[in-house]
Amino acid sequence: MAAQIWGSEKRARRRREISAKIAQMPELHDSKPLPFMTREEKIMESARKLTILTEKMGQIIDPTDPAELYHLNNEVLGLEGNPMALHGVMFIPALSAQASDEQQAKWLPRALRREIIGTYAQTELGHGTNLQNLETTATYDLATQEFVLHTPQITALKWWPGNLGKSSNYAVVVAHMIIKAKNYGPHPFMVQLRDEKTHEPLPGITIGDIGPKMAYNIVDNGFLGFNKYRIPRTNLLMRHTKVEADGTYIKPPHAKINYSAMVHVRAYMLTGQAIMLASALNIATRYSSVRRQGQIDKSQPEVKVLEYQTQQHRLFPSIARAYAFQFAGAETVKLYEHVLKEMKSGNVSLMADLHALTSGLKSVVTYQTGEGIEQARMACGGHGYSMASYISEIYGVAIGGCTYEGENMVMLLQLARYLVKSAALVKSGQSSKLGPLVAYLGVKSEPTSLIDRIPNSGFTEYVKTFQHVSKRQTLKAADMFFGLMEKGEKREIAWNKCSVELNRASRLHTRLFIVEAFVRRVNEIADIRIKEALTDLLHLHVNYELLDIASYALEDGFLSASQLDYIRDQVYLYLGKIRPNAVSLLDSWEFSDIELRSVLGRRDGNVYENLFKWAKSSPLNKTDVLSSVTQYLKPMMEKARL
Ligand SMILES: CCCCCCCCCCCCCCCCCCC/C=C/C(=O)SCCNC(=O)CCNC(=O)[C@H](O)C(C)(C)COP(=O)(O)OP(=O)(O)OC[C@H]1O[C@@H](n2cnc3c(N)ncnc32)[C@H](O)[C@@H]1OP(=O)(O)O
Ligand SMILES: Cc1cc2nc3c(=O)[nH]c(=O)nc-3n(C[C@H](O)[C@H](O)[C@H](O)COP(=O)(O)OP(=O)(O)OC[C@H]3O[C@@H](n4cnc5c(N)ncnc54)[C@H](O)[C@@H]3O)c2cc1C
């Protein structure tokens, strides 16, 4: 199963080897539990481990393999981030995709050797979503052949970029490029922010940390202002766009090609989210198989809480989602790598499809991951609320994904643009022009679902039902939009009036893709035992998801009330079937205790001993009487007693 999750036997074996090596290297372990550290201590601890990793990485992993790097990161540095999180996730990808060969030769080896630390600075205090209204300017000075970066007002301060505040000395900065008074829109520039020797901010740069956040606090998300700060013309990233010395602008082959670093993260973050969901579920499911509370049969002893159907219903559909996201994420990464290769050689024809797909997936996956992690926390009762479970930290980090790399509603609306264009093709009889991801929009569906009538149809009838509801909602939302425009409404106003319906279409389309990715994977599996276990999980997935969106299929009678009962019964049937495999389905992800950082979810299952030991190690328990008591509470009580 681990091979299915991680992509191959070799990958699963390598993960085990890496975890085993790290277990033998105490210098790479947290020196004390992270929840007992202040933010400053955590940042220091992370930097300490990061520098050891820089020395020893080659002994542990193949540093050119992103999957091994990510595993090493999760084991040693953890999900709260590190001082170079953005360096690997956005700075290097931005340089790789957007810098010319000559620029790459100059900067990439230095970045890869970690001579310099970089980030991606795009969002501003006043604007994150609407990139056209960013306010930082890069004005070309023909006389000196330099760009002058400037922050005209407080809302133009860069705000949020990870590791910008304190760690980075370089950044890819997105600014509106102005040449001879003409604004060419947002473009990426390589900018040095700090002196390489002293790490002091360079003159003309105002920079700092934006303060503590809901989670992810090892990362120093920062602010940045420029006061007429000059950089050479050749610091504009020039793989696709060029500015000649005389100010001549050579436009890129696709207007949005400079957005590739965002698409990179959107594609890669899906498996990251799956891992966080599976981690929280691993903790909750292990705990639920240890925790005994109440009886189902009064004549019997107390049961493990995992025996309760409500507990299973709370956890198991999310286990299925974690697998589904992992499989859909792996497909998306493959597609992304393919499109990137094509883009580098000038073929930009697949960019729109990839943008639509990643926009929808990033939104649905992050939202459902958040839901699943929060349910996992609640499934642990009181102990879930303790930082000993670590689930609240996992939640805080994962939920950030709903906002970063494009706020979810906004990204769903991006996919909706693509769906509406596709609907227009269907309506104008041009279905043959539809791309493979939306080809189903042009296929006539049966009048009713056959879900309960063809028992051995595999998952075909389910996929058809998801296709039906997605198609119907897409065409309905598109009709609504076109209808408003026909009545004379301006395009943007009509769009806004339909946007809730449009986003519903985007979610349904994306959920269909996730189901299909799960089906594709299960169909490929040769090992009969693995196939059987995953088929059960897939049964739960399709039935649970369909029940969740059933109103769309009931509206037009595609599903009947009796079919809904059938689907519901299937959910209960598969909850029971999955119960014996539940812990194994999560243990198969092979998270080490070091990586999980959860006292509640350790592999040994000694929940109560571990919790008591952890509580005793709390800094508050170093002394029996705290100074807050001697200084304030004791005098108050004494005064009251007089
Ligand atoms: C097997 C290997 C396994 C390896 C495993 C490794 C696992 C690794 C896991 C990694 C985990 C990662 C963990 C991450 C850690 C956390 C890091 C956080 C970092 C966060 C960074 C950031 O947030 S950076 C800032 C991000 N900002 C945004 O996303 C802004 C959102 N806004 C936008 O994107 C845009 O403004 C917009 C798209 C909403 C609108 O743009 P714009 O105003 O320019 O659009 P227009 O209206 O003019 O035009 C729309 C038009 O353009 C098309 N379009 C838009 N974007 C793209 C694109 N990217 N590509 C192609 N086309 C695009 C759009 O479709 C429209 O087309 P039409 O034809 O007109 O409809
Ligand atoms: C943990 C974290 C890390 C980050 N790291 C980075 C980084 O490294 N580099 C970087 O540059 N940025 C980073 N960001 C910033 C992030 O990319 C932005 O916060 C994000 O893109 C959302 O933009 P915003 O904050 O402007 O939200 P807003 O756009 O102000 O969103 C507020 C609300 O308005 C709605 N809304 C906005 N526009 C529309 C629209 N057109 N239609 C409908 N509804 C709309 C949204 O749906 C939302 O409900 C990070 C953010 C976080 C939380």
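Reply: Two rings of Phe, Tyr or Trp (for Trp, the six-membered ring) count as a pair if their centres lie within 6.5 Å; planes under 30 degrees apart are called stacked, over 60 edge-to-face, and the rest tilted. One aromatic cluster consists of W6, Y323, F327, F518, W589 and F591. The rule gives a count of 14 aromatic pairs. One of them is the tilted pair of Y140 and F147, with 5.1 Å from centre to centre and 50 degrees between the planes.

Some conventions apply throughout. Residues are numbered from 1 along each chain as its sequence is written, while chains are lettered from A and ligands numbered from 1 in the order in which they are written. The model is predicted, so local features need pLDDT of at least 70 and side-chain atom pairs count only at pLDDT 80 or more, while totals for chains, interfaces and linings use all residues; side-chain values use heavy atoms, with hydrogens and water left out.

Now the ligands. A residue belongs to the surroundings of a ligand if one of its heavy atoms lies within 4 Å of it. There are 30 residues around ligand 1, and T129, Q132, K256, Y259 and K421 come nearest. For polar contacts, the criterion is a pair of N or O atoms within 3.5 Å; within protein, one must be able to donate a hydrogen and the other to accept it, and residues adjacent in sequence count only if both atoms are side-chain atoms. K256 places a polar side-chain atom 2.8 Å from an oxygen atom of ligand 1. For R266, a polar side-chain atom is likewise 2.8 Å from an oxygen atom of this ligand, and R417 has such a side-chain contact at 2.8 Å. On its own, ligand 1 has 1,500 Å² of accessible area, of which the protein covers 79%; these areas come from the Shrake-Rupley method with a 1.4 Å probe, and for residues only the protein chains shown count as cover.

Helices (H or I, at least four residues) and strands (E, at least two) are DSSP runs, numbered from the N terminus. Two or more residues of the shell around ligand 1 come from each of α4 (66–77), α5 (85–98), α7 (260–288), α9 (351–379) and α12. The most, six residues, come from α7. By class, this shell has 15 nonpolar, ten polar and five charged residues; Ala, Val, Leu, Ile, Met, Phe, Trp, Tyr, Cys and Pro count as nonpolar, Asp, Glu, Lys and Arg as charged, and the others, Gly among them, as polar. Ligand 1 lies between domain 2 (116–252) and domain 3 (259–425 + 467–585), because both give residues to its shell. The domain bounds come from an automatic or database domain assignment.

Ligand 2 has 19 residues around it, with Y120, T123, G128, T129 and E407 nearest. An N or O atom in the side chain of T123 is 2.7 Å from a nitrogen atom of ligand 2. The backbone also takes part: a polar backbone atom of Q122 is 3.0 Å from an oxygen atom of ligand 2, and a backbone N or O atom of G128 is 2.9 Å from an oxygen atom of the ligand. Ligand 2 exposes 980 Å² when taken alone, and the protein buries 63% of that. Helix α12 (residues 408–427) supplies three residues, the largest share of the shell around ligand 2. That shell divides into eight nonpolar, nine polar and two charged residues. Ligand 2 lies between domain 2 (116–252) and domain 3 (259–425 + 467–585), since both contribute to its shell.

For single residues, buried means under 20% relative accessible area, exposed over 50%, and partly exposed in between (1.4 Å probe, protein chains only). T332 sits in helix α8 (residues 309–344). At 1% relative accessibility T332 is buried, and its side chain reaches the backbone oxygen of A328 at 2.7 Å. By contrast, K180 is exposed, at 60%, in the loop between β5 (170–179) and β6 (182–192).

Last, the backbone angles. Most residues other than glycine have a negative phi. R114, not a glycine, has a positive phi of about 65 degrees; R114 lies in the loop between α6 (101–112) and β1 (118–121) and is partly exposed at 26%. E590 also has a positive phi, near 55 degrees. E590 is in the loop between α19 (582–587) and α20 (593–596), and at 24% it counts as partly exposed.
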